[in-house]
Amino acid sequence: RTRWKKEADFWFSKFIRWRDKGQCYTCKNKNILKKMQCGHFVPRQYLPTRYDERNNHCQCYACNMLYGGQPDIYALNLVRDYGEGIIEELNSTRYTITRYMDYEKIANEYKAKYEAIESVDN
């Protein structure tokens with residue numbers, strides 16, 4: 001399970017950074033994908049939102065790590081992109097009891113999504 005969880009995190013993060021084209025969700029700076037991170041509005045310790053694409057966006061190291069994810073700006077951008085109820089929805093979803101996650105399935109799904117998006121852009 002641990003190996004597949006790492007794989008799922010790896011491919012999901014890679015997909016999110018590629019999807020957002022290396023542009024930080026909070027400060028709008030761009031950089032190469034290897035220097036960007038997958039930022040989470042609801043922290044990734046909450047499994048129900050860990051792989052929710054609406055909860056995750058590309059962020060630069062400064063915004064994600066030094067400035068704690070810039071939660072105020074992140075929230076404003078979420079409302080702009082997904083509508084008024086998104087903050088409440090993500091925050092309530094975080095407490096859904098999740099007993100099991102199929103990390104192998106998640107890893108394979110996001111590897112395929114990444115490869116599909118990469119092949120279109122190249």
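The buried residues of helix α1 are A8, D9, W11, F12, S13, F15, I16, R17 and W18, where buried means under 20% relative accessible area, exposed means over 50% and partly exposed lies in between, with a 1.4 Å probe and protein chains only. Helices (H or I, at least four residues) and strands (E, at least two) are DSSP runs numbered from the N terminus. This is a predicted model, in which local features need pLDDT of at least 70 and side-chain atom pairs count only at pLDDT 80 or more, while totals for chains, interfaces and linings use all residues. Residues are numbered from 1 along each chain as its sequence is written, and side-chain values use heavy atoms, with hydrogens and water left out.

**Helix α1**

- The 18 residues of α1 should span 26 Å at 1.5 Å a residue, and the end C-alpha atoms of the helix are 25 Å apart, which agrees; the expected span is 1.5 Å times one less than the number of residues.
- After α1 comes K21, whose phi is positive, near 55°.

**Nonpolar cores**

- The largest nonpolar core has 15 residues, and those with the most contacts inside it are A8, F12, Y51, M101, Y103, I106 and Y110; such a core is a set of buried Ala, Val, Leu, Ile, Met, Phe, Trp, Tyr and Cys residues joined through side-chain atoms within 4.5 Å.
- At least two residues of this core come from each of α1 (2-19) and α6 (103-121), and α1 gives the most, with six residues.
- Apart from this core lies another, of nine residues, among them Y74, I86, I87 and L90.
- I106 touches A8, Y51 and M101, not counting residues up to four places away in sequence, and contact here means heavy atoms within 4.5 Å.

- D52 lies in the loop between α2 (47-50) and β2 (56-60), and it is buried, with a relative accessible area of 15%.
- When residues up to four places away in sequence are not counted, D52 touches F12 and L90.
- The C-alpha atoms of D52 and V42 are separated by 9.8 Å, the two residues being 10 residues apart along the chain.
- N77 lies in helix α4 (residues 71-82) and counts as buried, at 8% relative accessibility.
- N77 touches Y25, T26 and K28, again not counting residues up to four places away in sequence.

**Loop residues with positive phi**

- K28, in the loop between α1 and β1 (36-40), has a phi near 70°, a positive value in a residue other than glycine.
- K28 is partly exposed, with a relative accessible area of 38%.
- Q70, in the loop between α3 and α4, has a positive phi of about 50° although it is not a glycine.
- Q70 is partly exposed, with a relative accessible area of 23%.

**A nonpolar patch on the surface**

- Y61, M65, L66 and Y67 form a nonpolar patch on the surface, with about 480 Å² of accessible area together, the areas coming from the Shrake-Rupley method with a 1.4 Å probe and only the protein chains shown counting as cover for residues.
- L66, one of the patch residues, is found in helix α3 (residues 61-66) and is exposed, with a relative accessible area of 55%.

Key: Patches are made of residues with over 30% relative accessible area and no salt bridge: like charges are joined within 9 Å, nonpolar side chains (Val, Leu, Ile, Met, Phe, Trp, Tyr) within 5 Å. A salt bridge is a side-chain nitrogen of Lys or Arg within 4 Å of a carboxyl oxygen of Asp or Glu.
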